[in-house]
Each structure stands twice: as structure tokens, then as C-alpha cells.
Amino acid sequence: MTTRLFLTFLSSLAIMFFWLFLGEKAILKDDSNKFSKLQCVSYAPFGKDESPFLFDKGLVLKEENIKKDLELLSKYTSCIRTYSTVGLEAIPKYAKEYNLQMLMGVWVSKSEKQSRDEIETLKKLASQYPEVIKGVIVGNEVLLRGDLSEKKLTEYILEVKQALPNIRVTYADVWEFWLKHPNMKNVTDFVTIHILPYWEDLPMSIEKSINHLADVRVKVEKELGTSNILIGETGWPSEGRAREDAVPSRINQAKYVRDFVNLANERNWNYNIIEAFDQPWKRVSEGAVGGYWGLFDADRADKNVFAGDVSNFPNYLYLAFVSLGLALAFSTMLRKKKLSKTRIIAFSIVNTIFALLLTLQIEQYYVISRNYLEASWAIIVVGLCLYMYNFVLVKILQTTKDDFIPKYPFYLAAFLVFIISTNLAYNGRYENFEIYGFALLAISFIYTLVGRFKELHFGLFEKLLGTTIFINAVVTLYNETILNVFSNIWFIITLVFASILIISKESIFKAKEYIFFAIIFTTLIALFKSGFISNNELAIACNNDGSGLSCTLRSSMWSYIYFGYLGVLALIFGILSLILNNKRFTILGLFIAIFSIILTNTFLGSIAFMLVIYSISKQIYKK
């Protein structure tokens, strides 16, 4: 009993020290920054449950919330940047009240009507609040997205300049697109560039980010031949997935902003920080990371970006109690059992590690879950982790042999791993590495299945599934590079699952005909995506004149991708291939599943793919 209590105490102590270290010791100390106010900050007035996409559904922003926001921001900056005029008409009123100037954005896009409404609203606001508007930004990254041609964008800019001759007018885009379109300098009053080291094609680590930004700023000035430059967006996310060695965190965000502002002040640069408040609505299109660029969180609470100590886990006490609760709850399994010291020690070590891993996974899901579907996913994974957590501890305590193996929990975990690995491989830009829970599961299955693989009776389906998981893992590792620690850990986790699945003696070449088709389909669809769907020149041409057959087809395809129709179609064909058990139909189902996956409808596409390869294995066994 004394040994058990002592080890339980040590386990609790280890958990408390783990969270204390992350919450109180591994922090960024306040270095008393040298700036009092920021030059300008991007401001979107949306609350946690609001979005600009809701304007069409009748959303009206509360002026009292805008007033409170600008009252708060006036303490930290003298300028705000907006991105649209329609629906945000109340902002200049309260900007004037709190002596804030505005870089007023006009959202021009493919829609002529939307663009006209934006410009007309701008003209009205400029006539009402001329003293508030410091400058006008016509268009935000429209050349990057291919929404407009340079010619059409120039027309909008010149129209605004003619209507507002006393206000400086610019256009904002990532710095590379200013270098690709240098003539835009001739129609704007100053150059507005976005430099976001996290989002670069070659992401920059926090250590290299400020030097990279400085190099880019000098390069743009040199190539465009002007120092009349506004850094229109720069910043760092506080949460989200790592891109190579660019890691979002509260500490990195504070470090970046503090270092950047000191450098900008030293070199007399004009700048705007993105952004004032976390915007949860951006997580829909940009993944979890999109919602966490704010200097304040969505509840308008200070993240201490400007000053003060910063922790990546400010809620560490709550997390410590969750871990402690799990460890103590499972420790009750030790009561009234005659066990060797070796078993008790093993139990305590596993219990401590699993409690921490599960808590970290729960915390990650709290950050990244955006809707009921993702919350449901989180519940399934956490539930499976709890089941295996308990199962492993029971196994450790067992003194008699048990023939039961967790085959069906392993199947569920493998299916989940396949879906995640497919998302990361083919639509990974905004997907997260769920390493903590799946590390727990990988450890669990290594412990419970090693030496008992023959009892799983795996066949061709499992071999095909494991091989595809391995391919996905390699693709992800290639995309992320070995600089991404989270990607490396995920690679190891997927190797565990792939190895267990591939262990069957069945030859994968029994499905060589289908594998040949899969390779051909993948190659053709990848070429179709790069040459047609993602072709930026074609996108611009279609924006100028969308009447042609290719433009109509491309527009339809984008609609199918955006609304997830490809995934739904793939799932239907996957189910039918399983029911009909017909070779030709199965090959068609394989094509549509791969088509869906490569064109980024990966969630339903991956489920459809699993149904198809199960149908393939059935048909081969039938022969």
C-alpha cells in the first residue's frame, strides 16, 4: 500500500511540475518594450458568432460593440485598417469619436455588383468623415487570388482616385505580387505590401522571421524604386498548425510583434499589424490558425502581446487539474490488488504519460474544433483514447493470460489515421497534426498487439490500407520537410499503424490491376488540377470573360469543390461499389474517390477510398 501511495504521489507531482513548467517557467519574460503605441492595426468588428458571410442573411453589427472595440484599441494605436465598407458603415463614426484614423478598405472582387456597392459606400463615408480617412486601400490580394486582372483592378483604383482626389489611394497584396505587377506602383499613391513569414511559400521560423521581413522590405524598395511603402500586414499566429519550423504560439506572437515594432520604429517604416482581435470565422477557410492572429482574443481579452510575461498555456492550472483528475481516477484501479512492484511502477508511468497526452489532445481540440462535425470527431477520438487508456492499464495489472485483443478499436483508430493522413497529404495547408491522442493510441496498440499479429487475421484490405497510409505519410513528410517536428512525430505514428496493417502475408500484387489504375488516375487528375483547376492565368482570363466552355467548366468544378459535392459523389459511388460488387463500377468508384481526394474534398473522399479498396479485396477473394 505504501508503494502504491508513494507512486501515486510521484505521478501527481510529475503532472503538476509538467504543467507548472509549461505555464510558468517556459515563458517569454517581459522585456519592457520601447514603443507606446502601434502605428496601425487591422480591425474586423466581428464577434465569436459573427462573420461577414452573414451580411447576406441579415446580420447587422451592434454599434455598441464597435464603440467598445475602438475605445479599447485607441489605447494601443492611432489608426485602424479595415477591408470592406458595406456593413461596416458605423466604424468611421466611432473612429472619429476616439481620434482614430482609418486605412479604409474597399473589397473589390469578381462580382461587379459587390465591387460597385463597395465603391459607392466608400464615396458616401468619405464625404461624411473626410478627416478620419488616412488612406483608401482598393482591393486586398485580388491578384494573388486571381479574382481580377491588373487592368480591371487599375480601373477601380483610378475611379476611386478621381472621386477622392484629396485622399491617398493604394492597393494591398503580398510582396511577391507587387514584384510580379510593378506597374501597379504607377497608379497608386503608395505601395502596400503584406509580409507574413508564417505564410511564406518557404515558411520562416520565429528566429529567422524578422531578418526575412527586413530583407523583403529592402528588396521591394530596391526593385520598385520607391521607399514610399506601407507594410500593410504583418504578424504571427498564436495558435494553429506548424508550417515546417514556423510554429504558432502565444510566445512567438508576442516575440514577433515586439521585435518587429522596435525594428520598424528604428528604421522609420510605416506598418500595420494584423490584427486587433481573434476572428473565429476565418477558421472555416484558413483552418484553426486563421482565427488566432489577434492581439486580443475573441472575447477581447489581452494576450500580453504588447507587454508582460507570456505563456503558451495561460490556462495551465485547468489543464493540470484535468491531467490530475485522469491520473487519480485511473489510480483507483490499484486498490485491493496484489501486484508486484514492477507492475505498479509500469502502471504509474503509463498512467502519468497517458494522462498528459490525453489532456494535451483535449486542449488541442478545444482550440481547433470549429463546428459540430469537428466536435463529434473530437469526441470519437477522445472516447477511443479513454477506452485504450483503460484497456492498457487493465492489461498491465492482469496476472493471468487474456485472449482478448482490441481488434475493432484498432480498426477504428486505423480508419481515423487514414482520414487524417489523407487530409494532411492532399489538403494539409489548414489541417492540424493530432499527435497527442494518436501517440497514446500508437503506444497502446504496440503494447497490446506486439507478438499477437497472427491473431488479427489481416488480409488484402488491411495491406492496401496500410500501404496507402504509408504513402500519405511520405507525401506529408515531403510537403512539410523534416523541419516540422509535429510532422515528424505524425510520420512515426502513421508508421506504427501502417506496419501493423501491412504485416499480413497476403501479396499486395493480387490487386496489381487496380493499383495500375490508381497510379494512372492519380497522375491524370494531378495534371488536370495543376493545368486547369489551379491555373492562375486561366483564372484571370475567365474573370475577364467567363463565357467560354472552359471557364464554365472550371467555375462548375470550383463550386463542386467548394461545397463538397465531389466528396458526396465519391461517397455514393464508394457505397455502390461495395453493394454492387462489380469490377467496372469499382474502378469508376476508385477514380471518383481519387478525384475527390486530389481536388481537396479529402474527408469524404478518404472514406469513399476505404470503401472502394474493401470492395476490391472482396472481389479478388471471390475469384
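User: Where is His457 found?

Analyst: His457 sits in the loop between helix 15 (435-449) and helix 16 (460-480). Helices (H or I, at least four residues) and strands (E, at least two) are DSSP runs, numbered from the N terminus. This is a predicted model, in which local features need pLDDT of at least 70 and side-chain atom pairs count only at pLDDT 80 or more, while totals for chains, interfaces and linings use all residues. Residues are numbered from 1 along each chain as its sequence is written, and side-chain values use heavy atoms, with hydrogens and water left out.

User: Is His457 buried or exposed?

Analyst: Buried means under 20% relative accessible area, exposed over 50%, and partly exposed in between (1.4 Å probe, protein chains only). His457 has 64% relative accessibility, so it counts as exposed. Its phi is positive, about 55 degrees, although His457 is not a glycine.

User: What phi does Thr481 have?

Analyst: Thr481 is not a glycine, yet its phi is positive at about 70 degrees. Thr481 lies in the loop between helix 16 and helix 17 (485-502). With a relative accessible area of 25%, Thr481 is partly exposed.

User: Which residues does a cis peptide bond join?

Analyst: The cis peptide bond is between Ile274 and Glu275, with omega about 0 degrees. Glu275 belongs to the loop between strand 9 and helix 10.

User: How many helices and strands does the protein have?

Analyst: There are 23 helices and ten strands. The radius of gyration, 28 Å, is close to the 25 Å that the globule rule gives for 623 residues, so the protein is as compact as a globular protein of that length. The radius is taken over C-alpha atoms, and the rule is 2.2 Å times the number of residues to the power 0.38. Along its principal axes the C-alpha trace spans about 85 × 65 × 45 Å. Of the 623 residues, 55% are buried.

User: How is a pair of aromatic rings described?

Analyst: Two values describe it: the distance of the centres and the angle of the planes. Rings of Phe, Tyr and Trp (its six-membered ring) pair if their centres lie within 6.5 Å; planes under 30 degrees apart count as stacked, over 60 as edge-to-face and the rest as tilted. This structure holds 44 aromatic pairs. In one of them, the ring centres of Phe53 and Trp281 are 5.9 Å apart and the planes are at 80 degrees, so the pair is edge-to-face. Phe53 is in the loop between strand 2 (41-42) and helix 2 (63-73), and Trp281 is in the loop between strand 9 (270-273) and helix 10 (283-286), so the pair ties together parts that are 228 residues apart in sequence.

User: Which residues does Asn543 touch?

Analyst: Contact means heavy atoms within 4.5 Å. Not counting residues up to four places away in sequence, Asn543 touches Lys110, Gly146, Asp147 and Leu148. The C-alpha atoms of Asn543 and Lys110 are separated by 6.5 Å, although the two are 433 residues apart along the chain. Asn543 is in helix 19 (residues 536-544) and is partly exposed, with a relative accessible area of 26%. Across the protein, 75% of the contacts with a separation of 6 or more are between residues 24 or more positions apart.
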